[in-house]
Amino acid sequence: MQLSAVDALAHLVESYLNTNSNELNRIYSREGLRMWGEFKSRLHDESLEEADYEMLLHASMIGGMAITYTGTSLPHGLSYPVTYELGVPHGKAVGMFLGGYVAYYEDRQESAEVLRLLGFADAKEFGCYLRDLLGEVEVSEELMRADVKSILDNPAKLKNYPFSISESQLFKMANYI
Ligand SMILES: [Zn+2]
């Protein structure tokens, strides 16, 4: 349940912070992020109530709608080698990169809006929350470097990130917290 919730969160965040983002997908993202923010503390200690499950289902559904407009962005791109090489489940692999994506997203105003909707004070609090929720994943520096390089070598994987990004910036983003 936690992992599919984190995947839904990634869809909402990556759609909002995306090259193709516009007012339409952001309607979905905003609503889903607000809901996610409401049940986030209960997801953490696995004390979700019935109303939370309903919100979670709704947030997952509109997260799916949001990405049909925009596609996903760097956290999803970075997650695939971690899943293929290490067998880390999709929600966990995506969640590993979400804190860094928000922390280093170049438009600070837009990333601050995402954090505000979710109810986090700053990117660090969001990153720590995800780390506590998901637990640590041991990824070798070699795999992380190969992962970063494979994104930078592939324009299709970069096109949903609206800014240019260097290898060292992407590496920092991938290794946040
Ligand atoms: Zn996903």
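**Glu-110, a zinc site and the criteria behind the terms**

Biologist: Why does Glu-110 count as partly exposed?

Modeller: Glu-110 has 21% relative accessibility. Buried means under 20% relative accessible area and exposed over 50%, with partly exposed in between (1.4 Å probe, protein chains only); Glu-110 therefore counts as partly exposed. This is a predicted model, in which local features need pLDDT of at least 70 and side-chain atom pairs count only at pLDDT 80 or more, while totals for chains, interfaces and linings use all residues. Residues are numbered from 1 along each chain as its sequence is written, and side-chain values use heavy atoms, with hydrogens and water left out.

Biologist: What makes the contact of Arg-26 and Glu-110 a salt bridge?

Modeller: The N to O distance between their side chains is 3.3 Å. A salt bridge requires a side-chain nitrogen of Lys or Arg within 4 Å of a carboxyl oxygen of Asp or Glu, so the pair of Arg-26 and Glu-110 qualifies. Arg-26 belongs to helix H2 and Glu-110 to helix H6 (residues 108-118), 84 residues apart, and the pair thus links distant parts of the chain. Helices are DSSP runs (H or I, at least four residues), numbered from the N terminus. Arg-26 has a relative accessible area of 11% and is therefore buried.

Biologist: How many salt bridges does a search of the whole structure find?

Modeller: The search finds 7 salt bridges. Among them is that of Glu-141 and Arg-145, at 2.9 Å, N to O; both residues lie in helix H8 (residues 141-152), 4 residues apart, about one turn of the helix. Another joins Asp-153 and Lys-149 at 3.8 Å.

Biologist: Why does Asp-153 count as exposed, and why does Lys-149 count as partly exposed?

Modeller: Asp-153 counts as exposed because its relative accessibility is 55%. Lys-149 is at 43%, and therefore counts as partly exposed.

Biologist: Which residues are the protein donors of the zinc ion?

Modeller: The donors are Asp-7 (OD), His-11 (NE2), His-76 (NE2) and His-90 (NE2), lying 2.1 to 2.3 Å from the ion. Donors are N, O and S atoms within 2.8 Å of the metal (3.2 Å for Na, K and Ca); water is not among the atoms, so sites may look incomplete.

Biologist: What makes the arrangement around the zinc ion irregular?

Modeller: The 4 donor atoms subtend angles of 86 to 172 degrees, which makes the arrangement irregular. Four donors count as tetrahedral if all angles lie between 85 and 135 degrees; four count as square planar and six as octahedral if opposite donors are over 155 degrees apart and all others between 65 and 115; anything else is irregular. His-11 lies in helix H1 (residues 2-16) and His-90 in helix H5 (residues 90-104), so the pair ties together parts that are 79 residues apart in sequence.

Biologist: Why is the pair of Phe-120 and Phe-126 called tilted?

Modeller: A search of the whole structure finds 12 aromatic pairs. For Phe-120 and Phe-126 the ring centres are 5.1 Å apart and the planes lie at 50 degrees, so the pair is tilted. Rings of Phe, Tyr and Trp (its six-membered ring) pair if their centres lie within 6.5 Å; planes under 30 degrees apart count as stacked, over 60 as edge-to-face and the rest as tilted. Phe-120, at 8% relative accessibility, counts as buried, and Phe-126 is buried with a relative accessible area of 0%.

Key:
Helix = DSSP H or I, 4+ residues; strand = E, 2+ residues; numbered from the N terminus.
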